[in-house]
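Reader: I have a model open and want to learn how to read its side-chain features. Where should we begin?

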Amino acid sequence: MRADRVFAYGAAAGLLGDLLLGDPRRGHPVAAFGRAAGAVERVLWRDHRGWGALHTAVCAGGAVALAVAAGRSVRTSPGASAALTAAATWAVVGGTSLGREARAVGGALATGDVEAARERLPHLCGRDPQALDADGIARAVVESVAENTSDAVVGALVWGALAGVPGLVGFRAVNTLDAMVGHRSPRYRRYGWASARLDDVAGWPGARLTAALAAVAGGDPRGAVRAWRTDAAKHPSPNAGPVEASFAGALGVRLGGTLSYAGRVEHRPVLNGRGRAVEVADIERAVRLSRRVGLLALGVSAAGRLLVTSLAGRGRTSLAGRGRISLAGKGRTP
């Protein structure tokens, strides 16, 4: 196996593993990281941004350091490096579980069992399910599928292409920390500030790629681009805005509006106001769009990695050639 194809083969195998196996019910590496981060929080927590920044550095930095060490241990073997990349990719992506949970809620709604749908909704997002009717639950599911396509699949692949296994692991660590402490509650408003801001930075490239691929893979490319351009900036999240707006336009539905988190009501701007209200059947359409976006993201990320590696190789070759010419010139008699 050529060394420059390690990421492409490994990421493809890891994504296939997620497709076939999904997430394990016990012993998931991300869950183990979450427990470790919780233990660090119990030691470090103070109502202060500096202590929160230290928490972020310890947890995310520790995860990246372990990934770097693992990568160095197999760097002389392309096959082992690809296997490590596959394992890391499988561990950090969650497209299959995302689709499974979304379909479970959609199935309950399809049979009219709103209470069962409310019980399943917290597996997908932090909305207050008791404040939602069937249509509100369906909209929450579509929005969650859109946002998590970026967070649970595309963003990880982008950082894997940029930085290999440390990129995969680091992105998931940052995203998990944001989910744990990045929300605006009294406890985490200051302590979680660093995690939230770092997640915004880390999620920026994946969110834009997700939005672009949703426009390509959706049923209405023009509508997706239009909604992205006109409505994304209205969303309070710099990364969820482009993704949700593009999904809304691609699916021809209307997202945003009033929602509730832990009893706190928010009135968010409407995304793709030209679209219709979300229906239960749109959950399956959103899941299928998410799957197509993930596969396209794998292709884009792998191709990008190969291109960068190829260009870097040419650059080293060119510099070596110039060095030989320069040394030869110094040996000539004037």
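Author: With salt bridges. A salt bridge is a side-chain nitrogen of Lys or Arg within 4 Å of a carboxyl oxygen of Asp or Glu. This structure holds 13 salt bridges.

Reader: What should I know about the model itself?

Author: The model is predicted: local features need pLDDT of at least 70, side-chain atom pairs count only at pLDDT 80 or more, and totals for chains, interfaces and linings use all residues. Residues are numbered from 1 along each chain as its sequence is written, and side-chain values use heavy atoms, with hydrogens and water left out.

Reader: What is pLDDT, and what does the protein chain average?

Author: pLDDT is the predictor's confidence in each residue, from 0 to 100. The protein chain averages 91, and 91% of the residues score at least 70. Over residues 329-334 the pLDDT is below 50. Beyond near neighbours in sequence, residues 329-334 have zero contacts in the model. A contact means heavy atoms within 4.5 Å. Where pLDDT is low, predicted coordinates should not be read in detail.

Reader: Which residue forms a salt bridge with Glu41?

Author: Arg187 does, with the closest N and O atoms 3.1 Å apart. Helices (H or I, at least four residues) and strands (E, at least two) are DSSP runs, numbered from the N terminus. Glu41 is in helix α2, and Arg187 is in the loop between α7 and α8. The pair links distant parts of the chain, 146 residues apart.

Reader: How many residues apart are Arg118 and Glu115?

Author: Three, within helix α6 (residues 114-120), so about one helical turn separates them. Arg118 and Glu115 form a salt bridge, with the closest N and O atoms 2.6 Å apart. Arg118 is buried at 16% relative accessible area, whereas Glu115 is partly exposed at 41%.

Reader: How do I read aromatic pairs?

Author: Rings of Phe, Tyr and Trp (its six-membered ring) pair if their centres lie within 6.5 Å. Planes under 30 degrees apart count as stacked, over 60 as edge-to-face, and the rest as tilted. The count here is one aromatic pair. Trp45 and Tyr191 form this tilted pair, 6.3 Å centre to centre, with 40 degrees between the planes. Trp45 lies in the loop between α2 (29-44) and α3 (49-73). Tyr191 lies in the loop between α7 (134-181) and α8 (193-217). Trp45 is partly exposed at 26% relative accessible area, but Tyr191 is buried at 0%.

Reader: Over which ring does the charged end of Arg46 sit?

Author: A charge sits over a ring if NZ of Lys or CZ of Arg is within 6 Å of the ring centre and within 35 degrees of the ring normal. For Arg46 the ring is that of Trp51, and the charged end is 4.7 Å from its centre.

Terms used. Buried means under 20% relative accessible area, exposed over 50%, partly exposed in between (1.4 Å probe, protein chains only).
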